[in-house]
Protein chains: 2
Amino acid sequence: MQKGLSEEKIKYIKHKALKLRIDSIRSTTESKSGHPTTCLSAADLVATIFFHFLHYDIKHPKHPNNDRFILSKGHSIPVVYAAWKGLGVLSDKDLLALRTFDSVLEGHPTPRFAYNEAATGSLGQGLAIGVGMAMNAKHEKLDYTTYVMLGDGEISEGSVWEAAEIAAHYKLDNLIAIVDCNRLGQSGESLHGHDVEKYAKKFESFGFKTYVVDGHDVEQIAQTLQACFVAKDMPCVILAKTLKGYGIEGTQDKNGYHGKPFKKEELDGIVTTLQHRFSDANAYQETENYVPKLPKSVIDTEHKRITIDLHQDKNTQFFDSNQKIATRKAFGYALAALGNANKDIFAIDSDVKNSTFTNIFEKDFPNRFIQCFIAEQTMVGVATGLETRGKIPFAATFGAFFTRAYDQIRMAGIGRNALRLCGSHCGVSIGEDGPSQMGLEDIAMIGAIPNSIVLYPSDGVSAYKLTELMANYADGISYLRTSRPATNMLYDKNETFEIGGCKVLRQSDHDTCCVIAAGITLHESLKAYEALKKQGVSISILDLYSVKPVDKKTIIEVAKRSANKIVTVEDHYLHGGLGCAINRAVINEGIHVTNVAVEKISRSAPKDDLLRYAQIDSQSIIKTVLNV
Amino acid sequence: MQKGLSEEKIKYIKHKALKLRIDSIRSTTESKSGHPTTCLSAADLVATIFFHFLHYDIKHPKHPNNDRFILSKGHSIPVVYAAWKGLGVLSDKDLLALRTFDSVLEGHPTPRFAYNEAATGSLGQGLAIGVGMAMNAKHEKLDYTTYVMLGDGEISEGSVWEAAEIAAHYKLDNLIAIVDCNRLGQSGESLHGHDVEKYAKKFESFGFKTYVVDGHDVEQIAQTLQACFVAKDMPCVILAKTLKGYGIEGTQDKNGYHGKPFKKEELDGIVTTLQHRFSDANAYQETENYVPKLPKSVIDTEHKRITIDLHQDKNTQFFDSNQKIATRKAFGYALAALGNANKDIFAIDSDVKNSTFTNIFEKDFPNRFIQCFIAEQTMVGVATGLETRGKIPFAATFGAFFTRAYDQIRMAGIGRNALRLCGSHCGVSIGEDGPSQMGLEDIAMIGAIPNSIVLYPSDGVSAYKLTELMANYADGISYLRTSRPATNMLYDKNETFEIGGCKVLRQSDHDTCCVIAAGITLHESLKAYEALKKQGVSISILDLYSVKPVDKKTIIEVAKRSANKIVTVEDHYLHGGLGCAINRAVINEGIHVTNVAVEKISRSAPKDDLLRYAQIDSQSIIKTVLNV
């Protein structure tokens, strides 16, 4: 057993907890919105960590060896802002600007406030992000602790259990989950109410060292945290039995007070009530404020532009002009080359590495390859955690299966995380495995996110070089859409590509329309080109390898030289696909546009049957071209 | 202990299991694709259920009291097809057409084959669907058993644990999960390999009665199933230790054989090997084939058109023309009215019923209200299960949180399930809670799915009547996008609405452009209209309450009368939103279009600040109109 905290220290923390309570109420009352009662349940937990255990260079929130505190139950963030105020990071004025336009103190955490580790508040996400951060510490041999605070309602989310099993599998003994079991969700009692042992049993079966504590007993919390620090080879979880609205009679442990700030006219009375209820803490006189222990200093590295050279690649022969290669495999080669060029490149898999070809990277860099098993939400969360800690993670699975992690992707967008995602097996062209395995909504899904880019290579060379561009894109989420079948090489190894670019593959002075495509449909378009040529019909063809952003200028130029007509053809559903991007780009240019896309639910059959069924094969393209 | 199966019966089942093995191999070899080794591990489990325990009216797969067998690990479906062949449902010719275009036997299950209960194969989904079906049995007092077969790799998915906790919470003792623990995933060993007890411990902690069996011991499997049938108040799980590729030396229990069919030239040898390996089963002479016991007969009900009358609604006063009401609340009233009109209407919540207002329904129909706690994947899965069993479930949460269940929604699309989804709190207009709570990609997400419809009401009357339309839309997923703030009533209670319709709210003979909007931006557009009118500028305004499908004809007509100009304004991200739908509709009409949408990540602040920041407030609309 650890030596406990001094009586003085306990008193100090209790005093701070009272201040956190009062400040949480003040800020939410001032903003007329927010979740004070959820702050009251968490205050003692937060105070104990922030005012005794935290290792942190207060002036440098991005210090690589700071402890990490992730508030997964993001709606309790006012109590954490109050703690940062208590440590001198925020002023009282800052605090009271909560939820106003110019304040970085948002109603749920975002990294606009640099001390927030992650954008949370969409529930169920923090633990996986914490797993990524804890993995980073292990990888870099840093000694920081990653704390993740969750709510008891929140842990109904399956994503929490995914992340838990991965945390245990990787023996992350530098990760501490704290569950604020305040019994009440938004609309009623959580799954097990105050039967906290039931949650403990679950975590235990998932491989956690578990502790049940009275979440309002600072001494017990502190002792338990000390036990967590010395636990080995297992992540720890503290299940803290707390009361929502703790300290305020009439509100405490009562349903119906979620997300309800106290009114301005009630404020003084409430504060007095709390000061009375916690009279010892109130009477306590602070002598010296806690200054977090400085983390062991580590120099952070800045990323320089990462370059790879296809000519020098040890697999360069697979990219010769006479070769066929699947874009997903070219991605794998590029990823391995990137891994060689930069030590911060990571690959994260969810048991499909032999389909996405991240196994090529794994072979060379097993220590930077993370297997997340069939747990895509965790895969994306881990990527987010790693990225926040300065890594350049590529997460790859079937494009279809990123739908499982759409909330995590959405939140990474809000978190300004530069996730690199590669979705393989896009479209009906995967063939026999059928619709459940086809990514047909991925452009819509990722394209919607602000600052995202969507790249869609059609051959090995472009797949390789677009992967390189992704490694260097730091302004948001980048997505590479790869195809299953092997396809002909379209480009010479010297060809260059850029985000927002496109390639004119066929063009003449008498084109009857411009066909815009990418991936399999680009190859079908090239077949259509040859057949049409024999009939004396000429078309221009454009490779839209950058679907977002699009190269509006070139598209319009080529279309205007192609009888002012565009046909878009894509192996993606109609709404939100490549055609949408083109429509928006040319809408006011007087260009006639026809969108061809997958509009029916596909089937399980050989690829060519399915391309024909979806009317995106060369024959259908020919018909469409002749019709327009 | 139950009386065991007769020796004769055991022999019969083993014989059938051998046939399933051989047929699984034959069909996948014929189709040159598929997952035979995963069928071999599951064959004894499937044979024991299908050839001894199944209650099923073979001629009527939709019989309401048939047992339900959901293959969550969908890639093993050939073994189930083989079982249906064994029961006389399929011919050998049918079986060998696996994965060909005209066959309904797809590579992963879809309901094109009527005996498949659900579209699966995207992993982690079957258990929640099974929960829905088991709940239906309880509700209807039917005695069918719901079986869900999962893979050990698959149970890394968090969605499985979400569904497990809900199954236990509702004491679904008519639900049996069977995990085929064959140790190997696609690319390597699953999380716990053959340490099956670890999985058992997890299920136990989640409230299941757990059994560990040798999954190749028919007698043990049968005895365990008998124990499951008599277990009370708890769902059961059978963790079956199996070998992938069981029975074929060189393949059995070896990595690298996932999704690899045997070659045609190997086929005879492989079959001989199996017949040799299971020589007793091979020698067994069938005398009488198993005929599944008929379920207790129940008459199914067909749905007639469901109608509700706002004039007669007990809450009709909230829809008077001088009232303000949030569309989310109007949805709640309509849902309650529908519940009154039809006994098959269900509401499913994930702890936000007081935000989506499904609590209005709950108050009147507590027995048809299902609380799924904070587990959206399960909520959608349960809805899918209920819908398959003839119910009309409405699942509601924040639009943003449906992203958590996007894979479930995608698969329900493939499953031709008529899910009714209501996403509340759309857009930046929610204000202070900030971007994590804002649904800004929901139109893109749902709009992409084939056969889906997207409805977006702007006032109470339309919200009420669109909800009624959803109840009657059976051709796919319907989505209602509701807003947080209360808004003015725009329509009289007599107004009628239709899927694919729109409303022209303002129009004159000298309009300078047509503003198309819905929700909050429609109200901002109406404000802009008044301000512009004062400046002598006239515009037409169109309420696009049906975003998918759109009323192309009316839009073009109105735009042509409005100086050939359209401005779309939406509280949704740019890509994949309302503007995309309009662009596609008018692209070849020579109409000038400007898309205004949310293009930056929003913040946490009062609603009006955020509308302004996103440039979708009335002032921004005025500027845009004056610019075009």
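How many residues of chain A are in contact with residues of chain B? In this predicted model, 102 residues of chain A are in contact (heavy atoms within 4.5 Å) with 102 residues of chain B.

Before you zoom in, two notes on reading the views. Residues are numbered from 1 along each chain as its sequence is written, while chains are lettered from A, and ligands numbered from 1, in the order in which they are written. Local features need a pLDDT of at least 70 and side-chain atom pairs count only at pLDDT 80 or more, whereas totals for chains, interfaces and linings use all residues; side-chain values use heavy atoms, with hydrogens and water left out.

**View 1. Confidence in the model.** Chain A averages a pLDDT (the predictor's confidence in each residue, from 0 to 100) of 97, and 99% of its residues score at least 70. For the complex, the predictor gives an ipTM of 0.97 and a pTM of 0.98.

**View 2. Where chain A meets chain B.** About 8300 Å² is buried between the two chains, with carbon and sulfur atoms giving 54% of that area. Buried area here is the accessible area (1.4 Å probe) that two parts lose on being put together, summed over both. Between chain A and chain B, 50 residue pairs are in polar contact, both residues being at pLDDT 80 or more. The side of chain A that touches chain B divides into 35 nonpolar, 39 polar and 28 charged residues. For this tally, Ala, Val, Leu, Ile, Met, Phe, Trp, Tyr, Cys and Pro count as nonpolar, Asp, Glu, Lys and Arg as charged, and the others, Gly among them, as polar. A polar contact is a pair of N or O atoms within 3.5 Å; within protein, one must be able to donate a hydrogen and the other to accept it, and residues adjacent in sequence count only if both atoms are side-chain atoms.

**View 3. Arg404(B) and its salt bridges.** A salt bridge is a side-chain nitrogen of Lys or Arg within 4 Å of a carboxyl oxygen of Asp or Glu, and 8 of them cross the interface of chain A and chain B. One of them joins Arg404(B) to Asp407(A), 2.8 Å from N to O. Arg404(B) also forms a salt bridge with Glu376(B), with the closest N and O atoms 2.7 Å apart. Through shared partners, Glu157(A), Asp407(A), Arg410(A), Glu376(B) and Arg404(B) are joined into one network. Arg404(B) and Glu376(B) are both buried, meaning under 20% relative accessible area, where exposed is over 50% and partly exposed lies in between (1.4 Å probe, protein chains only).

**View 4. A salt bridge within chain B.** Here the side chains of Asp173(B) and Lys138(B) meet, 2.5 Å from N to O. The pair links distant parts of the chain: Asp173(B) is in the loop between helix H6 (158-169) and strand S3 (175-181), and Lys138(B), 35 residues away, is in helix H5 (residues 126-140). Helices (H or I, at least four residues) and strands (E, at least two) are DSSP runs, numbered from the N terminus. Asp173(B) counts as buried because its relative accessibility is 13%, while Lys138(B), at 38%, counts as partly exposed.

**View 5. The surroundings of His258(A).** Find His258(A) in the loop between strand S5 (236-241) and helix H9 (264-277) of chain A. His258(A) counts as buried because its relative accessibility is 19%. Leaving out residues up to four places away in sequence, His258(A) touches residues including His35(A), His75(A) and Gln186(A). A polar contact of 2.8 Å joins the side chains of His258(A) and Lys244(A).
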